[in-house]
Amino acid sequence: MKKIFKTSIAVAMTICMAAAMTACGGSGSASSSSGSAPAAQTSEASSAAGTIKIGGSGPLTGGAAVYGQAVKNAAEIAVEEVNAKGGMQFELKFEDDAHDPEKAVTAYGVLKDWGMQVSLATVTSSPGAAVAPSYAEDKIFAITPSGSSPSVVFADPDNKTGAYGNVFQMCFTDPNQGSASAQYIKDHAAIGTQVAIIYKNDDNYSKGIRDTFVATAAEIGLEVVSEGTFDDSNAQDFTVQLGQAKDAGADIVFLPIYYDPASLILTQANQMGYAPSFFGVDGMDGILTLEGFDTSLAEGVFLLTPFSADATDDLTANFVKAYKEKCGGETPNQFAADAYDCVYAILQACEAAGVTADMSSDEICAKMVEQFTTMTFSGLTGAEMTWSADGEVTKSPKAVVIQNGAYVSVLD
Amino acid sequence: MQFLSYLINGLGLGSVYAIIALGYTMVYGIAKMLNFAHGDVIMIGAYIAFFALARFGFPFPVAVLLAMLVCTTLGVVIERLAYKPLRQATSLSVLITAIGVSYFLQNGAQILWSSSSKVFPSVISAGSIHLGSASVSYLTILTILTCIVVMICLTLFINKTKTGSAMRACSEDKGASMLMGINVNRIISITFAIGSGLAAIASVLLASTYPSVYPTMGSMPGIKAFTAAVFGGIGSIPGAFVGGLILGIIEIFAKAYISTQLSDAIVFAVLIIILLIKPTGLLGKKINVKV
Amino acid sequence: MKTASKLFSPGGDKMKRGRLISFALVIAAYIIIEILLKTGNLSSLFKSLLVPVTCYVVASLGLNLNVGISGELNLGQAGFMSVGAFCGICVSGMLANTITVPVVRLMIAMFCGACLAAVFGFLIGIPVLKLQGDYLAIVTLAFGQIIKSIFMNTYIGFDADGLHYSFVESKFKLQPGGKMLLNGPMGATGTQKIANFTVGIVLILIALIIIYNLMISRSGRAIMAARDNRIAAESIGVPISKTKMLAFVVSAFLAGAAGALYGLNYATLVPNKFDFNTSILILVFVVLGGLGNMTGTIISTIVLLILPELLRSLQDYRMLIYAVVLILIMLVTNNEWLKSRVKGFTSGKAKGGA
């Protein structure tokens with residue numbers, strides 16, 4: 001009896017779904033525009049026909065939502081600014097992929113149905129690696145703000161061959177950061193000589209940096225005395241990893257991880273009474289603005305980062321102000337900055353190549369690839385950035401140290 | 001020797017698991033359901049305590065009481081709205097509903113308080129005492145003490161009070177309890193209230209030890225505590241206590257001496273071995289099914 | 001013709017109709033979707049959902065055999081999918097140069113994945129099936145977690161010297177030009193996407209044939225007898241552990257095949273994908289579809305996978321709404337008052353249905 005009842009409900013729902021499915025299939029992009037991002041609506045006021053459709057996906061729900069939300073907000077700000085200037089008009093649609101390759105592929109389907117012409121690809125790496133072949137196949141230009149793994153731009157990331165050619169990165173590639181950090185520590189023996197590393201081994205970003213750090217360290221004779229790992233399911237207790245580092249006599253701990261676990265590591269090290277130097281990478285940015293974090297714990301932490309929200313130049317100051325207004329006082333992190341830069345890099349390339357909204361994504365893709373491989377771009381996260389034909393960015397990391405709760409550039 | 005400090009850290013972690021496991025095991029013992037939303041009640045408790053401390057500057061005890069109040073109410077409301085209509089339904093339907101509640105709380109928290117994590121203020125002074133060469137933080141000691149106090153109070157409550165007896169009666173036989181004039185629905189509500197109140201205490205301890213508060217923070221401790229409850233024999237209160245402590249110690253030792261990557265696998269492997277030797281957990285009762 | 005009808009819908013006339021409906025449903029859905037595909041009327045979103053939906057349907061059918069027919073709550077179905085998926089990816093990766101026809105390679109990969117998952121199912125079944133009730137459930141959960149942890153620490157690759165594997169990353173080295181098949185927590189990257197929808201549909205049909213024939217066979221009746229009353233079944237000589245094991249292994253086999261198909265549909269796959277949440281997701285499909293009701297399982301899987309996609313316009317609220325829908329469905333389907341209303345409505349047809 002119950003089964004019949006359940007089945008009848010299910011059948012009824014299927015019929016509704018089927019109706020929705022054919023409706024979507026039949027009318028193409030028109031029906032899905034009702035679900036576009038709030039930012040998109042502002043641009044409808046201007047010439048709706050003349051807007052270039054930018055798509056993108058990232059985790060807006062689930063454990064990694066903080067990164068996706070940052071990118072979405074910053075990209076919306078950039079698009080609003082671009083549209084307010086007149087001239088080239090953008091329309092942004094940002095979909096949720098919950099940091100899951102499966103959902104990223106469906107999100108790509110949604111964006112394609114909508115008529116995406118240029119893309120911000122994905123926020124995180126493994127979803128990026130899952131959709132990159134589709135971008136290559138459908139010839140849609142994509143630049144990821146923060147998908148930093150080589151697997152986002154190469155079909156064979158182990159040997160760095162088979163570049164997709166139309167998928168670009170705005171953030172540092174992981175290897176670049178790892179070697180730069182090792183070199184920096186080697187050159188500045190005062191901050192430490194015996195290195196311990198704590199990294200997240202199920203994260204492309206963290207593991208990628210650690211791999212090149214270790215390789216470079218071996219090359220240049222920097223001593224790595226202890227390595228501790230953690231993953232998603234045990235990202236809370238670091239007493240063991242810190243204890244091992246302490247026992248191994250490490251006087252500097254390298255943390256190629258995001259600021260959330262880093263804040264826990266700093267707190268727990270303090271509770272243990274262990275006080276080595278700490279050295280972070282760009283993922284560490286954001287630690288000072290973490291709500292409730294005792295910034296005195298981060299005193300003296302070094303980090304290599306392309307962006308700091310405390311910088312005083314106009315570009316950064318305006319962006320930080322706009323972001324805080326939009327997001328209820330939250331300070332933007334490097335994900336947000338990379339996303340903002342992506343939109344402006346797309347703008348620069350579109351203007352230089354004379355891209356118009358009536359071009360197909362194919363044509364735009366060819367023009368964009370040509371622009372990106374030849375142009376230089378200056379934004380929040382670096383000056384004079386260039387891109388290789390493989391899609392990797394070249395920009396130089398800046399070393400900063402945290403003093404009195406603020407970033408201070410280290411001059412050398 | 002690092003051994004001693006690992007042991008005490010393990011006891012600290014285990015104490016948190018034990019308090020969470022108590023919530024699971026009580027609800028299971030009386031309502032015969034796996035309340036998968038329990039971990040998310042912990043998350044809510046942590047947020048409440050965080051706002052009370054960091055935003056409104058309430059003193060620590062007030063924050064804890066507030067968190068307990070909110071969690072208790074939440075537990076009772078969830079029970080009324082989502083579980084009570086399913087009293088006659090299959091246990092699987094209730095399980096799915098609990099999962100739905102869990103999704104709801106997680107996503108609700110993300111919308112209300114954003115997905116970026118908040119750092120729980122350190123209220124217990126960050127010092128440590130030295131036992132030989134091992135150092136133990138005050139927080140760990142406080143956690144272990146709290147767990148013991150909670151355990152004693154709960155045992156007294158269950159064994160000495162009238163409500164406690166009624167709870168025991170319900171867990172033995174609901175039908176017979178009803179005939180004896182016990183209001184079973186009220187008892188189930190009280191059980192949820194106590195379990196959720198304990199979740200609030202656990203949330204404050206958890207958030208003080210690992211000071212990161214975010215919408216999905218409850219799921220992993222939830223699963224581990226559920227494991228701990230089964231470990232000790234689900235439905236058994238001393239079982240949850242013992243199970244929690246053992247689980248915490250195994251986890252820390254596995255990380256320290258074998259592999260940080262395999263620590264979860266080792267915890268679960270030990271669980272399987274224990275269940276093969278004692279099929280109803282360490283302190284669980286063997287149920288003889290009659291024809 | 002007669003043998004064919006036996007194969008697709010074994011058993012008496014009463015059961016036949018319900019079973020034929022499920023085949024008809026799958027085939028009709030396939031034809032409609034193929035027509036939409038050929039005429040270019042299917043949106044990219046639905047195209048991208050086709051293969052994963054078939055994978056989840058097969059995994060749910062397998063789980064329903066376990067939970068509905070055999071009556072054992074299994075919280076580790078994703079673990080078997082993961083075994084099948086990574087085995088399938090490795091097999092396909094190794095055969096990439098030997099067998100160039102994608103469909104053949106896919107079939108071989110799926111078969112290998114399914115068999116390996118069945119072997120895992122057998123090994124895990126030995127301890128699991130000694131337990132009962134919620135203890136059994138927690139052990140399947142534990143095995144799911146252990147399988148995930150193992151894959152997160154497995155490194156497999158091949159180069160000019162042949163196949164290499166290791167459980168310690170630092171000991172794993174490939175010669176230049178080698179291909180990493182499984183890279184620990186990073187999982188598989190750069191997988192060739194060879195999965196296709198038709199194979200998925202064929203897999204669903206095969207799963208239905210296997211399950212229906214099992215249900216009606218002597219072993220199947222023994223499985224159900226053991227579920228309904230273990231002691232009574234035991235007393236009339238039903239070998240309980242043997243029959244339960246059969247259901248468990250077949251369930252794992254189907255999950256493995258589904259996993260392999262899933263793994264070969266994406267360029268990248270991480271072990272974390274098949275965690276506790278995925279097991280629970282599949283369990284939700286099964287419970288909502290109705291325990292032991294295969295047609296219901298197929299429908300509920302499809303509906304619950306498409307639902308979050310249709311809710312995309314709600315932006316941040318979509319998973320919240322999804323949760324509310326889930327709770328409401330459970331409340332409504334278990335509501336006595338509503339049930340009695342429906343009972344009155346369908347009382348005429350009640351006896352012949354599924």
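Two strands count as paired if DSSP finds at least two bridges between them. Strands themselves are DSSP runs of E with at least two residues, helices are runs of H or I with at least four, and both are numbered from the N terminus. Before we use that, some housekeeping: this is a predicted model, where local features need pLDDT of at least 70, side-chain atom pairs count only at pLDDT 80 or more, and totals for chains, interfaces and linings use all residues. Residues are numbered from 1 along each chain as its sequence is written, while chains are lettered from A and ligands numbered from 1 in the order in which they are written.

Let's start in chain C. You can check the pairing residue by residue: Tyr155(C) has Ser166(C) of β2(C) as its bridge partner, and Ile156(C) stands opposite Tyr165(C). β1(C) also pairs with β3(C), residues 179-183, again in the antiparallel sense, this time over 4 bridges. Here Ile156(C) turns up again, with Leu182(C) of β3(C) as its bridge partner. As a rule, side chains in a regular strand alternate between the two faces of the sheet.

Now zoom out to the whole of chain C. Its secondary structure comes to 14 helices and 3 strands. The C-alpha trace spans about 70 × 55 × 50 Å along its principal axes.

With 291 residues, a compact globule would have a radius of gyration near 19 Å, and chain B has 19 Å, which agrees. Buried residues make up 59% of the chain. Two residues are in contact if their C-beta atoms, placed from the backbone, lie within 7 Å. Among contacts in chain B with a separation of 6 or more, 75% are between residues 24 or more positions apart.

So what sits inside? The largest nonpolar core has 343 residues, and those with the most contacts inside it are Ala74(A), Ala46(B), Ala49(B), Val58(C) and Leu261(C). Such a core is a set of buried Ala, Val, Leu, Ile, Met, Phe, Trp, Tyr and Cys residues joined through C-beta atoms within 7 Å. Helix α1(B), residues 2-31, gives the most to this core, with 17 residues. Take Ala49(B) as an example: leaving aside residues up to four places away in sequence, it touches Ala63(B), Val64(B), Ala67(B), Ser203(B), Val204(B) and Ala207(B).

Next, chain A. It is divided into domain 1 (47-172 + 321-394) and domain 2 (175-305), with bounds that come from an automatic or database domain assignment. The centres of the two domains, taken over C-alpha atoms, are 29 Å apart. Their contact takes 9 residues from domain 1 and 10 residues from domain 2.

Chain A also meets chain B: 34 residues of chain A are in contact with 32 residues of chain B. On the chain A side, the largest share, 7 residues, comes from α10(A). By class, that side has 8 nonpolar, 19 polar and 7 charged residues. In this count Ala, Val, Leu, Ile, Met, Phe, Trp, Tyr, Cys and Pro are nonpolar, Asp, Glu, Lys and Arg are charged, and the others, Gly among them, are polar.

Most residues other than glycine have a negative phi. Lys139(A), though, has a positive phi near 50°; this lysine lies in the loop between α6(A) and β4(A). Lys32(B) has a positive phi of about 55° and is found in the loop between α1(B) and α2(B). With 15 C-beta neighbours inside 10 Å, Lys32(B) counts as partly exposed.

Key: Buried ≥ 20, exposed ≤ 12 C-beta atoms within 10 Å, placed from the backbone. Rg over C-alpha atoms; globule rule 2.2 N^0.38 Å.
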